[in-house]
Amino acid sequence: MAEILDGKVVAAQIRSEVAEGVARLKSRDVPVRLDVVLVGDDPASTTYVRMKQRDCEEVGIESRAHRFAADVSQEELAALVEELNGDTTVSGFFIQLPLPAGLEALPLVSAIDPSKDVDGLSPLSAGRLAVGLPSLLPCTPHGVIQLLKRSGAEIEGKEAVVIGRSNLVGKPLAQLLLRENTTVTICHSRTKNLPEVARRAELLVVAAGRKEMVGAEYVREGAIVVDVGIHAREGGGLVGDVRFEEVEPVASYISPVPGGVGPMTRAMLLYNTLEAARASSGL
Ligand code: NAD
């Protein structure tokens, strides 16, 4: 029987710490504000933004959304990024991705001041992470590390395998795992003998974006298994990249979907907003 890496419980802890930190800053007249840029009317993006704004409200962070029609120009968005970079009342901001066709995300994300880059996804933030400089950390990978640490799962010195090499999850997670002194292997869609490589792992993190891909044949006895994947289940609900029922008896710890990494990602955005406000105020 594996121990459950309970993202709901750990995220609630983090939210309550953030709420305390926000109250402390506000009592010293430091604004704590998260802005979001939302372009077009994609229903998933609109829902995510609404959820993030509700999370902010719960911990006392002010939030504002800048909404644009899908035919907004690249220049208008670039001008907003500059404006938000220079606005001292904005602690941090992010652009909800993906952008509608015809708009390029990379130049916009690259223009975000690293001290306000609460998604931690700009090339500057990624570079700072890679060379060990302080930076705001990408929410999902940082959420995975916090989930492990706060659940008492020891990872120092362990053999870690990450399945997935995206800029959003796999690559920054590998950097953070190095920082935690694990020995990291990154796998991807061209990796040969994937189940065999995965079975080396004492810590297996799956972020392949393939519904229920990973079964017991990928998992070494006693491994810690973290499932980053999120997919709609036929008939309702969510499932991950891991076949939970099959892997749970083999693992020592396992994160469920839902209730594992998802709530952590949301909590780390709030954490980053507080960090950004704190750093800019010098308190
Ligand atoms: P992505 O599609 O950008 O990257 C997937 C990576 O997995 C790629 O590097 C690819 O090489 C690798 N991959 C794909 N198929 C593979 C296979 N069969 N074998 C081995 N490797 C394979 O996806 P992403 O943005 O990194 O997200 C991954 C998953 O995590 C998705 O399901 C996404 O919805 C989910 N996600 C969850 C959260 C959260 O908060 N829980 C946050 C971000 C992403």
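Student: On what basis are the residues numbered, and which pLDDT do local features need?

Tutor: Residues are numbered from 1 along each chain as its sequence is written, and side-chain values use heavy atoms, with hydrogens and water left out. As this is a predicted model, totals for chains, interfaces and linings use all residues, side-chain atom pairs count only at pLDDT 80 or more, and local features need pLDDT of at least 70.

Student: What radius of gyration does the chain have, and what would a compact globule have?

Tutor: The chain holds 10 helices and 11 strands (DSSP runs numbered from the N terminus, helices being H or I of at least four residues and strands E of at least two). Its C-alpha trace spans about 50 × 40 × 40 Å along the principal axes. The radius of gyration is taken over C-alpha atoms, and the globule rule is 2.2 Å times the number of residues to the power 0.38. For 283 residues a compact globule would be near 19 Å, and the chain agrees with this, having 19 Å.

Student: How far apart do the C-alpha centres of domain 1 and domain 2 lie?

Tutor: The domain assignment gives domain 1 (30-113) and domain 2 (139-262), with bounds that come from an automatic or database domain assignment. The distance between the C-alpha centres of domain 1 and domain 2 is 29 Å.

Student: Which element gives the most to the lining of the largest pocket?

Tutor: On a 1 Å grid over the protein atoms alone, a cavity is a set of points where a 1.4 Å probe fits but cannot get out, whereas a pocket is an open set with protein on both sides within 12 Å along at least five of seven lines; lining residues have an atom within 4 Å of a point. The largest pocket has a volume of about 1200 Å³, the space filled by probe spheres set on grid points joined across faces, edges and corners. Its lining comprises 44 residues, with Tyr48, Thr140, Ile230, Gly262 and Thr265 nearest the centre, and draws at least three residues from each of domain 1 and domain 2. With 7 residues, the most is given by α10.

Student: From which element does the largest share of the lining of the second largest pocket come?

Tutor: The second largest pocket has a volume of about 430 Å³. Of its 23 lining residues, Leu121, Ser122, Ala126, Asn167 and Leu168 are the closest to its centre. The largest share, 4 residues, comes from α5.

Student: Where is the proline of the cis peptide bond with Leu97 found?

Tutor: Most peptide bonds are trans. The bond that joins Leu97 and Pro98, however, is cis, with omega about 0 degrees. Pro98 is found in the loop between β4 and α4.

Student: In which loop does Glu212, with its positive phi, lie?

Tutor: Most residues other than glycine have a negative phi. Glu212 has a positive phi near 50 degrees. Glu212 lies in the loop between β7 (203-206) and β8 (224-227).
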